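Subject: Structure handover

Hello,

Here is the structure for your files. Notes on what was found in it follow below.

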Amino acid sequence: MVLDQLTRLRRFLEALFPERHLYLRSNGVVHGMVLTTGRQVAASAAASVLGLWLIVATGIMMIAAVSPSSADKAAASTQAYYERLTADRQAKLNSAMAQLSDSNGAMSDLARSIENRHAALAMLLTEARGAPGAAQALAPAAVQNADPLSGVRAVQLDQDRLISKAETFAKSRADRLRLAFRLAGLDPSAFSPVSSDSLGGPLIEGNDPRALAAVLDVDEPFAERIQHAANDLGDLHSLNDVAHALPLAQPTVGTRQASGFGVRTDPITGQPAFHPGLDFAGPIMTPVHATAPGVVSFTGVRNGYGNVVEIDHGHGLKTRFAHLAAIWVSTGQRVAIGEKLGGIGSTGRSTGPHLHYEVWVDGRPQNPERFLEAGQYVQQASN
């Protein structure tokens, strides 16, 4: 029975795919090809399989296009998250801008106040310019705040800090110089001019804090602090100018003090006598230095002093260097502190090579040792 079914199937296929002959002619030669039923069935089967594969593949692609993958779902979720985050930031920014707009008047007033205070501080710091240590002591703090309102407040606080430091700096430096004057036996008030009530640039009267506040367009307490700091800085500058003229430096290096100021036994007569200076013993031609800036007012021989150099430092201050073996400056010459004036000798009324050094204030001899002690104090205080 199976054989009959196979016979009928063979006959069906032979009827469906009868044997065919193909003839191909190329270059005058005819070739023949026989397409048997089996070959046609095999080719039809192969074409059917290929067509079925194309249909299935196309269907899978269409399904994938319609249904999103897990990666696509994750990307869509991430995009939605950042869209919400951006919207939230934008809402906060809009709220902040609205608040800033509402407080615009207050911010403008605050900014104007800050600018006016800054201008007053600029004049004050101009007064402080050049004072030793002022640049470091009065350096403004860096403001690192991105919030505009907090940044303005920080600047305002730094201005308060700066005026406090200016007051402290000026007063402490002026007090140190006053102490140096007293160590030298001088009255600081005699060298301080009447306090100026102006703050740099155009004259700004500072007697009345209310008037000063009106001129500077700042609050009265701040104007009063500006006035106090300016007065202290004025005292500091006047004292500092005079201090530079004070003979505070050592007149020689590598020598020893052989005799002091005051009554002593005279080395020649053996009797008590007043000695108006200090003696520094050292080898012949040891350099002698100016102890403060000034102008050479005399060079030559004076009775008992031998070869002498005298320097006028202004403010009633003079120094005398005696018994010199050589003089290296001339009358009228301006000298700086530490400049060489001559060499140690033993000219005049002298028993050996040494420098006789005197300091005069308003025509009266002073104890030079006090000036040297004051110089050591100023040097230590400046470090």
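In which strand is E358 found? E358 lies in strand β14, residues 354–361; strands are DSSP runs of E with at least two residues, helices are runs of H or I with at least four, and both are numbered from the N terminus.

This is a predicted model, in which local features need pLDDT of at least 70 and side-chain atom pairs count only at pLDDT 80 or more, while totals for chains, interfaces and linings use all residues. Residues are numbered from 1 along each chain as its sequence is written, and side-chain values use heavy atoms, with hydrogens and water left out.

E358 is buried, with a relative accessible area of 0% (buried means under 20%, with a 1.4 Å probe and protein chains only). Its side chain makes a polar contact with the side chain of W360 at 2.8 Å (a pair of N or O atoms within 3.5 Å, one able to donate a hydrogen and the other to accept it; residues adjacent in sequence count only if both atoms are side-chain atoms).

V335 is found in strand β12, residues 334–335, and is also buried, at 3% relative accessibility. Leaving aside residues up to four places away in sequence, V335 touches A290, P293, G294, V296, I311, V329 and L341 (contact means heavy atoms within 4.5 Å).

The largest nonpolar core has 35 residues, of which I311, L341, L355 and F371 touch the most other members (such a core is a set of buried Ala, Val, Leu, Ile, Met, Phe, Trp, Tyr and Cys residues joined through side-chain atoms within 4.5 Å). Among the elements that give two or more residues to this core are β9, β13, β14 and α10.

Regards

How values were computed: Buried < 20%, exposed > 50% of the residue type's maximum accessible area, 1.4 Å probe, protein only.
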